[in-house]
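I opened this notebook page to record what I looked up in one structure. The entries run from the whole chain to a single side chain.

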Amino acid sequence: MIDLPKTIKLSGRSFTVKVGNLSDAEEEYGRSHAFHQEIILSSKLEGPQVNQVLWHEVLHMALGIAGLDSALGEENEEAVVCALEYSLWPVVEHLARTGQWPTGARVRERKNPATNPRTGKGRATKNPKLTTPPEGSQA
């Protein structure tokens, strides 16, 4: 098994990541317990599958923290988690491997974050790291 983080922070909470025997069911690869703040991954997992299952369980935790797990119901929640996993996992995997977005685009650092990048106009700020939204806008 590959190296795993001992804990994962999600929405300001720390979740313990463990490896263990889950059940006799062959299709159970991971389990997340929001109440116990832990994620358990099957000891049967190997290679890149470990990270993908960890990502799947993190998505379960994110929905649980947002209160959507009970709103969706167990079957619908699993469908949403699988849809997010299969659509986002290739991006996450690419970022982890290369450190850049799959499109090859790079984030440009603006000299003055209060300046509109299209027009170059904007209000001056004393501290470019700290900006506030323009008056009348909703942040």
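The entries below follow the order of my look-ups.

**Basis.** I worked from a predicted model, in which local features need pLDDT of at least 70, side-chain atom pairs count only at pLDDT 80 or more, and totals for chains, interfaces and linings use all residues. Residues are numbered from 1 along each chain as its sequence is written, and side-chain values use heavy atoms, with hydrogens and water left out.

**Entry 1: the chain.** I found three helices and four strands, in the order β-β-β-β-α-α-α from the N terminus. Helices (H or I, at least four residues) and strands (E, at least two) are DSSP runs, numbered from the N terminus. Of the 139 residues, 22% count as buried; buried means under 20% relative accessible area, with a 1.4 Å probe and protein chains only.

**Entry 2: helix 1.** Gly 67, with a positive phi near 80°, follows the helix. The buried residues of helix 1 include Val 50, His 56, Glu 57 and His 60. I recorded that the buried residues of this helix pack against strand 1 (7-10), strand 2 (13-20), strand 3 (30-33), strand 4 (38-42), helix 2 (68-72) and helix 3 (74-98); contact means heavy atoms within 4.5 Å.

**Entry 3: the core.** The largest nonpolar core has 12 residues, among them Ile 8, Phe 15, Ile 39 and Val 53. Strand 1, strand 2, strand 4 and helix 1 each supply at least two of its residues, and helix 1 gives the most, with five. Such a core is a set of buried Ala, Val, Leu, Ile, Met, Phe, Trp, Tyr and Cys residues joined through side-chain atoms within 4.5 Å.

**Entry 4: His 60.** Which residues does His 60 touch, not counting residues up to four places away in sequence? I listed Ser 32, Glu 77, Glu 78 and Val 81. His 60 lies in helix 1 and is buried, with a relative accessible area of 12%. Its side chain makes a polar contact of 2.9 Å with that of Glu 77. A polar contact is a pair of N or O atoms within 3.5 Å; within protein, one must be able to donate a hydrogen and the other to accept it, and residues adjacent in sequence count only if both atoms are side-chain atoms.

Methods: Buried means under 20% relative accessible area, exposed over 50%, partly exposed in between (1.4 Å probe, protein chains only).
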